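Have a look at the structure, then read on.

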Amino acid sequence: MLGWMGKFRALFLLGSLALVLSGCGKENLTALVPKGYGAESSMDLIILTTVIMLFVFAVVMVIYVITLIRFRKKKGQEDYIPKQVEGNQTLETVWTVIPILLLIIIAVPTVLATFDLADETDAKDSININVTGNQYWWHFDYAGEEIQTSQDLYIPVGEKVYLNMLSSDVIHSLWVPSLSGKMDVNPENENTMYIEAYEEGVYWGKCAEFCGPSHSLMDFKIVVVSPEEYETWIADMQNVDPEQEPQDTVALEGQALFEENNCMACHAIGSSPVATGPNLTNFGDRSRLAGIKELTKDNLVDWLQDPETIKPGNKMTGKYPALSDEDADAIAEYLLQLQPSDITPESAGN
Amino acid sequence: MSNAATQNKGFAAVLWDYLTTVDHKKIGKLYLYAGGLFFLLGGLEAMIIRIQLIKPENNFISAGLYNEMITMHGTTMIFLAAMPLLLGLMNAIMPLQIGARDVAFPFLNSLGFWMFLFGGIMLNVSWFTGGAPDSGWTAYAPLSTQSPGHGVDYYVMGLQLSGAGTLMGGINFLVTIVNMRAPGMTYMRMPLFTWTTFVVSILILFAFPALTVGLFLLMFDRMFGAAFFDVALGGNSIIWQHLFWIFGHPEVYILILPAFGLFSDIFSTFSKKRLFGYTAMVFATILIAFLGFMVWAHHMFTVGMGPVANSIFAIATMAIAVPTGIKIFNWLLTLWGGSITINSAMLWSLGFIPSFTLGGMTGVMVAAAVADYQYHDTYFVVAHFHYVIVGGVVFGILAGLHYWWPKIFGRILHEGMGKLTFWTFFIGFHLTFFIQHFLGLMGMPRRYWVFLEDQGLDTGNLISTIGAFFMAFGVIVFLINAIYTAVKGEKAPADPWDGRTLEWAISSPPPHYNFKQLPLVRGLDPLWIEKMEGKGKMTPAEPLGDIHMPNGSIIPFVMSLGFFIASFGFIYQTNYDIAYIFLFGGMAIGLGSMLVRSLKDDHGYHITKEELEREAD
């Protein structure tokens, strides 16, 4: 039986829990609730440095407040001339040595963590994914698996997944705050980082290096699934027949229009080296449209007819003839039924 | 006298006077006017940014315009507001503090100002000619090399012009401080503001060439088909980041050190105490400047430099916290045991201590490389550098303005309005930026035109925008205060604050030749020493005699105008051949001015002993 005290306590707990959660940001986006190895390494250092620095701040503030209270000029002290002190050797030594000691406490774990995260000795035996950053979307090429996707990156939980990253245009930076810190994606010098997720789920990723008008709209997802589900997903993706004709007539028409409008010049369906535009093999399974919008038919029709409004500066605008409502509708119908796998962001706990 | 004379002159005469002046005090004022104007412009851009981010997926301005806003906000605030405002204070005050009649090269001083001003105008002309630069104030290649239109070209030419002006200013201050100190003013008797001006000038001398080189490469890539940063043609885009930050990080210290200097003077004056640990303060300044050159790559932890480079730069960066800490504690101990007066100049200085300490704290936090993998390029970093630049530099400029306003303009700013400015700006500042630390960690990268709904970022951004309005209110009150003071403000005596240093030994504002007789300096805080020994004024170090003064000149203005015109030629020769007329015409004006300057003898003029005697003290 719950008395009023109990109810109050439950309410209080619930309230504070909500407060804490909202205070730390959205789960699977915020860096403050780490769910991967890299994010955890960073968080450990964040906590260590914050605690030490807050200590320093507290010391400064205590002296500051006491000084201001004690030594503010009071009435009748107008002519008072304080003693002109030159300095104090001992004090200078104290506030030189103590900060050095505090900094050593920070520096040692920093260096250790820096080398630890850069240790890539097991890259060969791990899953390797070649990542290409593009204005304003992400291309993922599963090395040796003949699978290409974009926007949603599927990885197994608890395994190191190496990302070998290069940009096709300007500098981007891959950041999945809950799983790992960021790494720049440069046009030269391939950068490698690894992600090791602790929990299944769908994690928000963002571009962190200023890359143009739609920099803020370059979101992507990392879909973390169980190793078995991952195997299933790989198999499903490999079994895709890009030529397969859809059942329903509108989608079939859409497929024809897709070819007619030469969409394939940029967008591949099935495994292909074409990566001018996002690979659409599992488009219907995507968590979001263009990385940001809800994946609905209406949104997709809007996108097909006017991508510029949704993602300013994108490279798709103006590359194909204007689409009538009917045509856009048919193409949308076709694209949305590209759902090769039962392993989707939704099944992963979206 | 000279001030009264100016007031009776017509507008055209005053304008001509300012266009041709080589007087460090007038050039100081010009820097303050121009810097102030650009500060308002940069502030307006900041307000537009904050209004755009007031709610998720807002559509107040377009993505392209937003990118122009953030680029111009950063560029304007750093190069066209903070730098000139500080250079203005240095110009107006430093020669007085060392007991000099002017800077070493008055002509160069004027040239430096006009180059800066034309550079600033250049940058802002871009708003009206098809779009401002839009690749961030850091202009990372290849985004900057690929940016369509001419926006980034204006960035390149504008910064090249104003950078040249700054470099001249730095060299000038160096020579001035080395050569023109009054008798007895040894290095270890210089006020901290003069010391920091000296050290900052060294930083300018070594840091700005890196920017110049970077801008030249960018200029050739964009305007003459070179490929320094073009990976496809064998270039390297990362080189830009190195060049930019080899300049950019010392730039942070170029901005903050003068603020450190003037805070030291203000704390000492208003607690009626000698600066605690003067020697330690001087060496801490030098050490910060030295280390400032060793840490540029901490802006690049995520570039992929590898663990060795990241570790070295992390540790070097942390090391800077030590001399900075020394400074904070010495300021506190200066106040300790003093007789503290709290007025508006002091409020800004006292507000600086907790604000800047927070910025320093987060500085150490971002220095920890692996932690920085999360902070980097997020609102955490935005918060960090605004705590340093606003909480340190802007607070410093405002403290310096309230402190030296009487000396520069001859009138005392209104105290009540000064306090209102401080409190609204101070509260607004923390409201705006404190929450941004958390926004960053909660997943908000910087330079985001919109943030999406349902990502837990709404409240923080709203609070931040509200804070920005408080800051804007504070700035408006300050403007009203400045106008009110100019019209009705209390006339300032020579020494309104019971000052300690030489600038308070002469009238407010000082006569155009500064010291009738150069003062004899007998120690640190020379005026204070004389006061304590009962004399209350400086002993002259020389008999009254003729004073040699430089003539004014329009050449610096014309020369800068020439390079300004040539810059348009450089930009538009990519489209139109007719632009070559501007290019060669402008260069002819600029180089021709140099020739005239070199060939024409100008011996200046003398103020005779008799004239000086006629002028009252």
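What follows is a run of questions and answers on a predicted model.

Q: Why is the pair A:E86 and B:R274 called a salt bridge?
A: The rule asks for a side-chain nitrogen of Lys or Arg within 4 Å of a carboxyl oxygen of Asp or Glu. For A:E86 and B:R274, the closest N and O atoms are 3.9 Å apart, so the pair passes that cut-off. Side chains of opposite charge can pair when their charged atoms come close.

Q: What makes B:D454 and A:K26 a pair that joins two chains?
A: The closest N and O atoms of B:D454 and A:K26 are 3.4 Å apart, and with the limit at 4 Å this counts as a salt bridge. B:D454 sits in the loop between helix 15 (415–441) and helix 16 (458–488) of chain B, while A:K26 is in the loop between helix 1 and helix 2 of chain A, so the pair links two chains.

Q: How much area is buried between chain A and chain B, and what share do carbon and sulfur atoms give?
A: About 7500 Å², with carbon and sulfur atoms giving 69%. A:F71, A:W95 and A:F210 supply 10% of the area that chain A buries against chain B, more than any other three residues. In contact terms, 88 residues of chain A meet 89 residues of chain B.

Q: Why are A:Y230 and A:W233 called stacked?
A: Ring centres have to lie within 6.5 Å, and planes under 30 degrees apart count as stacked. This pair comes in at 6.5 Å centre to centre with 25 degrees between the planes, so "stacked" is the label by that rule. Both residues lie in helix 4 (residues 227–238) of chain A, three residues apart, about one turn of the helix.

Q: How do you know that the bond joining A:Q135 and A:Y136 is cis?
A: Its omega is about 0 degrees. A:Y136 is in the loop between strand 1 (127–134) and strand 2 (137–142) of chain A. Another cis peptide bond joins B:A141 and B:P142, also with omega about 0 degrees.

Q: What makes A:A290 worth a look, in terms of phi?
A: Phi of A:A290 is near 55 degrees, a positive value in a residue other than glycine. Most residues other than glycine have a negative phi. A:A290 lies in the loop between strand 11 (288–289) and strand 12 (293–294) of chain A.

Q: Which residues of chain A does the UniProt annotation "transmembrane region" cover?
A: That unreviewed entry gives residues 45–69 and 90–112. In the model, residues 45–69 are 100% helix, with end C-alpha atoms 36 Å apart. Residues 90–112 are 100% helix too, with end C-alpha atoms 33 Å apart.

Key:
Residues numbered from 1 in each chain as written. Chains lettered and ligands numbered in written order. Predicted model: local features only at pLDDT ≥ 70, side-chain atom pairs only at ≥ 80, totals over all residues. Heavy atoms only, no water. Contact = heavy atoms within 4.5 Å. Buried area = accessible area lost by both parts, 1.4 Å probe. Phe/Tyr/Trp six-rings, centres within 6.5 Å; stacked < 30°, edge-to-face > 60°. Helix = DSSP H or I, 4+ residues; strand = E, 2+ residues; numbered from the N terminus. UniProt positions renumbered as here; feature names shortened; annotations may be inferred.
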